[in-house]
Amino acid sequence: MAIRKIARLGHPVLRKPAEPVPIEDITSDSIQRIIRDMHETVLDADGAGLAAPQVFVSKQIVLLDLDDEQGMQVWINPTITPLTEDIMIGFEGCLSVPNMRGAVARFAKIAVSGWNAKGEAFSIELEDHPAVVAQHECDHLQGILYVDRVEPFTLAFLPEYKKYGHTLWQFIADDEDSTGEE
Ligand code: ZN
């Protein structure tokens, strides 16, 4: 096991769509080693999730802590389907964009299907915070970072976010007022 280096914003590996993992390879030593290393890396970095491209592996693997009792989940080749047009806006951070926060609009309820670390197919429905984490991590597999989706004027360094976060929310409210129903 090893803690891996985390790719930071600007590295091309974060922008490349990740390759699907052949199902028969999921239980192979090489994929299981990547999963173990990702687990160790995300725990060490105190993250809510980690996608394989963040450790320079361009494969469709994500680990996520969904605040349930299952601990860190492993999803391979996940597919997300929105189950509502309702959005929720919350502040996100990313291990590849250290010490920053920004507000992002996400679908409030989604379905996810894919394979787990044992190579078993799964499908689940998620809402609220777990749905946000899932959309953030699965975006990494398409080469998308939360800063690409950030609500204008809300990006902040972490200490400033902690100090002035309440003022940043005003931009979100203003934005919703100005765009109306569009
Ligand atoms: Zn991230």
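**View 1. Overall surface and fold of the protein chain.** The protein chain exposes about 10000 Å², of which carbon and sulfur atoms supply 50%, with accessible areas taken from the Shrake-Rupley method with a 1.4 Å probe and, for residues, only the protein chains shown counted as cover. This is a predicted model, in which local features need pLDDT of at least 70 and side-chain atom pairs count only at pLDDT 80 or more, whereas totals for chains, interfaces and linings use all residues. Residues are numbered from 1 along each chain as its sequence is written, and side-chain values use heavy atoms, with hydrogens and water left out. The secondary structure comes to 4 helices and 8 strands, where helices (H or I, at least four residues) and strands (E, at least two) are DSSP runs numbered from the N terminus. Along the sequence these elements follow the pattern α-β-β-β-β-β-β-β-α-α-β-α. The radius of gyration of the protein chain is 17 Å, close to the 16 Å that the globule rule gives for 182 residues, so the chain is as compact as a globular protein of that length; the radius is taken over C-alpha atoms, and the rule is 2.2 Å times the number of residues to the power 0.38. Taken along the principal axes, the C-alpha atoms fill a box of roughly 50 × 35 × 30 Å.

View 2. Cys94 (SG), His136 (NE2) and His140 (NE2) coordinate the zinc ion at 2.0 to 2.3 Å; donors are N, O and S atoms within 2.8 Å of the metal (3.2 Å for Na, K and Ca), and because water is not among the atoms, sites may look incomplete. Along the chain, the donors of the zinc ion follow the spacing C-x41-H-x3-H. Distant parts of the chain are linked by the pair Cys94, in strand β4 (residues 87–94), and His140, in helix α2 (residues 128–140), which are 46 residues apart. Cys94 counts as buried at 8% relative accessibility, and His140 is likewise buried, with a relative accessible area of 1% (buried means under 20% relative accessible area, exposed over 50%, and partly exposed in between, with a 1.4 Å probe and protein chains only).

**View 3. Asp139 in helix α2.** Asp139 lies in helix α2 and, at 9% relative accessibility, counts as buried. Leaving aside its neighbours within four places in sequence, Asp139 is in contact with Arg106, Ile144 and Arg149, contact meaning heavy atoms within 4.5 Å.

**View 4. Phe56 in the loop between β1 and β2.** Phe56 is placed in the loop between β1 (49–51) and β2 (61–65), where, at 35% relative accessibility, Phe56 counts as partly exposed. Neighbours within four places in sequence aside, Phe56 is in contact with Lys5, Ile6, Ala7, His11 and Val13. Phe56 and Arg8, which are 48 residues apart in sequence, are 10.0 Å apart in space, C-alpha to C-alpha. Although Phe56 is not a glycine, its phi is positive, at about 70 degrees.

**View 5. Asn77 in strand β3.** Asn77 has its place in strand β3 (residues 72–82) and, at 10% relative accessibility, counts as buried. Asn77 has a positive phi of about 50 degrees although it is not a glycine. Most residues other than glycine have a negative phi.
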